[in-house]
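Here are some notes to read beside the model.

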Amino acid sequence: MIDRIERARGLLNADREAVVEAVGSSPVDNAQTNPQTDRPRFLKVAVPNKGSLSDAAIQMLREAGYRQRTDSKELTLSDPATRTEFYYLRPRDIAVYVGEGILDVGITGRDMLLDSAAEADEVKALGFGGTRFRFAAPAGQDWTIERLDGARIATSYPGLVDAWLADRGVKARLIKLDGAVESAIRLGVADAVADVVETGTTLQRAGLELFGDPILESESVLITRRGGPEPEGFGHFARRLDGVLVARNWVMMDYDIDTAYVEQASALTPGFESPTVSPLAREGWVAVRVMVPRADAQLLMDRLYDLGARAILVTDIAACRI
Ligand SMILES: Nc1ncnc2c1ncn2[C@@H]1O[C@H](COP(=O)(O)OP(=O)(O)OP(=O)(O)O)[C@@H](O)[C@H]1O
Ligand SMILES: O=P(O)(O)OC[C@H]1O[C@H](OP(=O)(O)OP(=O)(O)O)[C@H](O)[C@@H]1O
Ligand SMILES: [Mg+2]
């Protein structure tokens, strides 16, 4: 049995080498080479190694067709077939590496990017790790943003909080903590906290309540160095992630409809660009194929059925480039 697994592994590796060779002779070969090693330049991607964003980021990269580490102790992983190298780093440090131009692109939280003040910009939101960044204080004390003037605020994100308060002319003393910020008030080191909120359970358990407007709506984001030239290979990388987002958020819908109602049906399901309309053997009817937002699929099927559409089918999109 073990023999068979080993043999299969060998075959898979052989396949991969064949792909690398094939890719090597494709137009991608015009890529820059590293003058020191003469090796084609690999796109260097920073991926969160721990914490809330790590598993989801790795999952997204796998769905985009990239090899990913299987051992959480691996620090780097090279994917020669796509000329990409992955560096597994603390999410808080990722903006620093990208901002300094050491790594080409990174996945981190918007809150961490802004907190770092690194020379890096958000290129696109990746749709996971959604949180809000909020002030909280002991429940029932009617805290307001104005009351923060002169108060002590505990946070792991002093850069983010400082910039937000400065914009509003509030002067507070920031107490920088690494984590477990919600304990700071009970332990007497702060009067209020500013922290990441997902479900709100942690704050509630600590007897705290939110106040003031959210400082930030955060989620995972793709970042690159500010003002730098577009890194070689970045276009392919970004399009692959776009493909994952579209495959996750959109479905393919097919239906048959009387020609007389195609216009109304198309208004309901305009698709990305325009629906594909093909003739059917049945006189006066056409088949329509169109992408629709996954979240709207059931409602659209009801509406299309009411309009006279039949054989309405929804299928998942496994992968795509739009
Ligand atoms: N439930 C959550 N709790 C905390 N952060 C979350 C959550 N969901 C998503 N995030 C996002 O993940 C990032 C924070 O990651 P994480 O908490 O893993 O970092 P950390 O606090 O430095 O690490 P750790 O908690 O492992 O010490 C932020 O961008 C945050 O907005
Ligand atoms: O609103 P919730 O769903 O309760 O999640 C938010 C909590 O989770 C995070 O803590 P984490 O587990 O990352 O520990 P840390 O505070 O030590 O970073 C964050 O700092 C909040 O405390
Ligand atoms: Mg944390």
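1. Terms first. Helices (H or I, at least four residues) and strands (E, at least two) are DSSP runs, numbered from the N terminus. Two strands pair if DSSP finds at least two bridges between them. With that in hand, look at β13 and β14. They form a hairpin with five residues between them. Gly 284 sits in the turn and has a positive phi of about 80°.

2. Ground rules. This is a predicted model, in which local features need pLDDT of at least 70, side-chain atom pairs count only at pLDDT 80 or more, and totals for chains, interfaces and linings use all residues. Residues are numbered from 1 along each chain as its sequence is written, while chains are lettered from A and ligands numbered from 1 in the order in which they are written.

3. The whole chain. It holds nine helices and 15 strands. Of its 322 residues, 31% count as buried. Buried here means that 20 or more other C-beta atoms lie within 10 Å of the residue's own; exposed means 12 or fewer, partly exposed is in between, and C-beta atoms are placed from the backbone. Contacts are pairs of residues whose C-beta atoms, placed from the backbone, lie within 7 Å. Among contacts with a separation of 6 or more, 68% join residues 24 or more positions apart.

4. Two annotated spans. UniProt, in an unreviewed entry, gives residues 90-229 as "domain: ATP phosphoribosyltransferase catalytic". That span is 22% helix and 36% strand, and its end C-alpha atoms lie 25 Å apart. An unreviewed entry also places "domain: Histidine biosynthesis HisG C-terminal" at residues 247-318. There the end C-alpha atoms lie 6 Å apart, with 29% helix and 40% strand. UniProt positions are in the numbering used here, feature names are shortened, and annotations may be inferred rather than shown by experiment.

5. Strands of a sheet pair through backbone hydrogen bonds, either parallel or antiparallel. In this open sheet the order is β2-β3-β1-β4-β11-β5, and the pairing is mixed. β2 (76-79) and β5 (120-125) are the edge strands, each pairing on one side only. From one strand to the next, the twist averages 30°. β5 pairs with β11 (residues 220-225) in the antiparallel sense, over five bridges. Glu 122 stands opposite Ile 223 in β11.

6. Helices on that sheet. Helix α2 (residues 54-63) packs on the sheet and touches β1 (43-48), β4 (105-109) and β11. Its direction makes about 145° with that of β1. Axes are lines fitted to C-alpha atoms, for helices over the stretch in contact, and angles run from 0 to 180 degrees between N-to-C directions. Helix α3 (residues 91-99) lies across β1, β3 (84-89), β4, β5 and β11. α3 runs at about 145° to β4.

7. Strand β9. Is β9 mostly buried or exposed? Five of its six residues are buried, so β9 is largely enclosed by the rest of the structure. β6 (residues 131-138) joins β9 through five bridges and runs antiparallel to it. Ala 136 has Val 193 as its bridge partner in β9. β7 (residues 152-155) pairs with β9 in the parallel sense over three bridges. Thr 155 stands opposite Ala 194 in β9.

8. The ligands. A residue is near a molecule if its C-beta atom, placed from the backbone, lies within 6 Å of it. Ligand 2 is surrounded by residues including Gly 179, Glu 182, Asp 195 and Thr 202. β9 gives the largest share of this shell, three residues. Ligand 1 is surrounded by 15 residues, the closest being Gly 51, Ser 52, Gly 109, Thr 131 and Glu 198. α3 and α4 (110-116) are the elements that give two or more residues to the ligand 1 shell.

9. Four bridges join β13 to β14, which run antiparallel. Thr 276 has Arg 289 as its bridge partner in β14. β14 (residues 285-293) also pairs with β12 (residues 250-258), antiparallel, over nine bridges. Trp 250 stands opposite Pro 293 in β14.

10. One residue to check. Ser 278 lies in β13 (residues 276-279). Ser 278 counts as exposed because it has 10 C-beta neighbours inside 10 Å. Not counting residues up to four places away in sequence, Ser 278 touches Val 286 and Ala 287.

Conventions
Two residues are in contact if their C-beta atoms, placed from the backbone, lie within 7 Å.
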